[in-house]
Amino acid sequence: MSGAVVAVKINRRHPDAQIPQYASVGAACFDLHYVGDPQDVMHDEPILAATGLSFEIPPGYVMLLFSRSGHGFNSNVRLGNCVGVIDSDYRGELMIKLIRDHASGKPLSIRQGDRIAQAMLLPFPHVSFLEIDTLSVTERGAGGFGSTGV
């Protein structure tokens, strides 16, 4: 583990909810677990999966939610919004929307206690915007998609 440890307050809204943990010493994300009745993530039929937890994210931080790589590679399942953003002023239950992109293979079955997503806490700056007439010149300039090579 590197860097400072940041305390995050958690409210367990369901008695079976699991407090997140890191799967390994070098893990960047902590795991989020499902709480509820068994469900299958079918092709093009998204499900809303409960964690049974609410978080008090410290001011100046954001919690980012990501799919589990095994879900994506093995079952074509991802988060419905690809990357979730949980702001520091949100106090509701953390819910995970899972969707399966392709019908090949078997559906992903989730059961009580299964890991359904992963998350990390990151500091963020608030920025101020300064409107100007022109921007500084760079070698790339306004070159867009593919302009720096394949």
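Reader: By class, what lines the largest pocket?
Author: In this predicted model, the lining of the largest pocket has 19 nonpolar, 4 polar and no charged residues. A pocket here is an open set of points on a 1 Å grid where a 1.4 Å probe fits, with protein on both sides within 12 Å along at least five of seven lines, and lining residues have an atom within 4 Å of a point.

Reader: Which residues lie nearest its centre?
Author: Of the 23 lining residues, Val-6, Tyr-22, Ala-28, Phe-30 and Leu-121 lie nearest the centre of the largest pocket.

Reader: And which strand gives the largest share of that lining?
Author: β11 does, with 4 residues, while β2 (21-22) and β11 (115-123) each supply at least two; strands are DSSP E runs of at least two residues.

Reader: Where does β11 sit in the open sheet?
Author: It lies between β3 and β6 in the five-strand order β2-β3-β11-β6-β8, with antiparallel pairing, where a pair needs at least two bridges. The edge strands, each pairing on one side only, are β2 and β8 (84-86). β6 (residues 61-66) and β11 share 6 bridges, and Leu-64 has Met-120 of β11 as its bridge partner.

Reader: New topic: how many disulfides are there?
Author: The whole structure has 0, with sulfur atoms within 2.5 Å as the criterion.

Methods
Residues numbered from 1 in each chain as written. Predicted model: local features only at pLDDT ≥ 70, side-chain atom pairs only at ≥ 80, totals over all residues. Heavy atoms only, no water. Nonpolar A, V, L, I, M, F, W, Y, C, P; charged D, E, K, R; others polar.
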